[in-house]
Amino acid sequence: MVEKTKKKSRVFNYFCEEDQFAGGVAWCSGCPLELTARFVPKVLGKNMVFVGTPGCAAPVLHGQNVGAWHRLAYMASVMTGVPSKATGLTRYYNRIGQDATVVCFTGDGCATDVGFQPLSGAAERNEKIIYITYDNEGYMNTGNQRSSATPLGAATTTTPVGKIGRGKTTVSKNLPLVMLMHRPAYMATATLSHLEDFAKKLQKAKEKVKKGFVYLHVFSPCPVGWRINSNMSIEVCRNAVRTNYFPLWEAEDGKPRFTVEIANPKPITELTKLMRKFSHLKEDGLAELQKAVDERYALVKSLCDAYK
Amino acid sequence: MKAKKGQVRVITGNAVGAYGAMICRPEVVAAYPITPQSELAEQLAQFVANGVLDAEYVEVEGENSAMNVVLAASIAGARTFTATSSYGLVFMYDALQETASFRAPVVMVDANRETPGIHAVSSGQQDMISARDTGWVQIVVENDQEILDQIIMAYRLAEDYDIQLPVMVNYDGFYLSYLAEAVEIPPIEDVDTFLAPLKQQPGRQKLVPGVSIGCGTHGMEMGYVEARYKHCMALERVKNKVDEIDKAFGDYFGRYYGGQIEEYRTEDAEIIVLASGSAAGTVRTVVDTKREEGVKVGMVKLRLFRPFPAERLIKALKGKKAIGVIDRSLCFGWKYGPICMELKTLAVNIGAIPILSYIDGLANLDVNVPHIERVINEVNAAAQGKPYQEVTWIPMEE
């Protein structure tokens, strides 16, 4: 049998900076957040300021006392102040002609819940900032509690499975779609299984942020909270795309389009079988989840079709 | 050197706040309208629209964001300004603490109003009092001219290299926010001159992209303790600095306010009424009438509330026979008003004299002449050894 030559990833072509993070950082093993955090400055360049919160990113971005595990300018914030702090920074940098990319980097808990108001406000004001949500579908840093990004049926410590409880009873908030309705200069979804797609979107983000607000929503499975094997997190990302659970799309100047289209989407069970947060779901629960995924995909698709 | 005579305008306290900010040339302004401050937010936006004020004006979606915007811009190096009141100040609570802990020299105006729970759209100092442990410098003013002058002095204080703390300038909502008085607005060049010494100091640390620098990050154990210690020491330095700036301001512009406290006919006084804000004006008048009747009464106007001007108060009050304190807010869980409670901590230095607490002027109820006459009469009786009531809710006893 002839072995196929492995195609070299072209993602390196998008890098303009060396890694800004130290080796051996304090994130959980197998967590895609680490790769995401390293990846973003490599493409955006180090002339940036990260604004972050307490959360999964905090142990590394905040650091402890005077030491942090990266070389970037960084401002820590409480959950409710991230896009507003970024606004203050970017307005002043623009005023004095200081070249800078101001990047908010928060989890879904901050973006969809407690920090949503200022996010919506900054998007509406069209502030020149990039907001990146790493979506691990819950408050993972505090120990796997539900957020509004937690999907239907998922077991978390605040939507537990018990004699009566069957996990979360409502569907997740579709934040990418909500952000599209703010008509940002650019918005996109991305995940680590499709790195080149992600890199392209970051590059567009860097360009488009000169015109206005940019929103990126990055699917980021949590090996601990979702109970997946730590060597499987990229596989989970891939299957989330292939099942249309997490479609990859973008909107430049308000016009949505898919960047990756799946010819024959796999059933949702291809994703749910890789983790244990859905393991209590029987056929009817899985059918409901499938229905929610299909509905959501159809809505995004109808928008994309409308702009074709 | 003296400043030139300014332009005299008859304008409301809110408009004065906007003029005061404008002549200090803030670079980033964020404000969210709230009664009774709204006119100030509108006026600043109009200044920007007219090209009179060259600033980034961020029309935020709430007060919490207003504080976050000016905090971050300040850390990036900007001179900033914001204004709020009551519910707005409460909504900023987390950001207030961050701003002080980040040592961001933000200047904010707070038009004092009662706080949430009982929906009182009316004057009172509860908002400012409830924010006292956030680490801010808090100054209370009495009239429209003092609003303007204190905003200028606030920048000189906040941005002082030895201080680097946010300053909250408080004036009575409703009473002053809507009261039009004649106010002298100094020429902007003279304000530049007065603030010029700030440019001679070493530059403060700023958040710059491309440089490895963290702000507001984890400070565990000693990291936390050291930052808090330095913050508290800076607050201690504020006291003398307020007096120094008041002197420099008076020497240049011709108006002195007394710094941390203003003493009125206290020198030979046997009894003292301690008041703050616009009520102090009425107290001053009643002190004059009572003096004519032969009562040896004086007034101390508290200007600096945080840090608490302990040393100046001890000096002014030592040897007096009795003190009456008028509080326009409450200290839940203590029977005295908050300012009275704080004054009582100095009792060991002042002497074992009667200190009478008066709760008055809540929710737009006037601290009027009969009320103050009553305070003086009762304090005077207490000074002569007669029995007295420790705490009096004046409106409840009418």
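**Backbone exceptions in chain B**

With 16 C-beta neighbours inside 10 Å, B:R25 counts as partly exposed. The count falls between the two cut-offs, because a buried residue needs 20 or more such neighbours and an exposed one has 12 or fewer. This is a predicted model. B:R25 also stands out in its backbone: phi is near 55 degrees, a positive value in a residue that is not glycine. Its place is the loop between helix 1 (13-22) and strand 2 of chain B.

Strand 2 covers 28-30, and the loop from there to helix 2 (38-49) holds B:P36. The peptide bond between B:T35 and B:P36 is cis. Its omega is about 5 degrees.

Next comes helix 4 of chain B. This helix spans residues 86-91 and includes B:S86. Phi of B:S86 is positive, at about 40 degrees, although the residue is not a glycine. Is B:S86 buried or exposed? B:S86 counts as buried, because 29 C-beta neighbours lie inside 10 Å. The cut-off for burial is 20 or more.

B:P307 sits in the loop between strand 13 (304-306) and helix 12 (310-317) of chain B. The bond from B:R306 to B:P307 is cis, with omega near -5 degrees. B:R306 is given as the end of strand 13 (304-306).

Positive phi values occur at B:R25 and B:S86. B:R25 is partly exposed, whereas B:S86 is buried.

Methods:
Residues numbered from 1 in each chain as written. Chains lettered and ligands numbered in written order. Predicted model: local features only at pLDDT ≥ 70, side-chain atom pairs only at ≥ 80, totals over all residues. Helix = DSSP H or I, 4+ residues; strand = E, 2+ residues; numbered from the N terminus.
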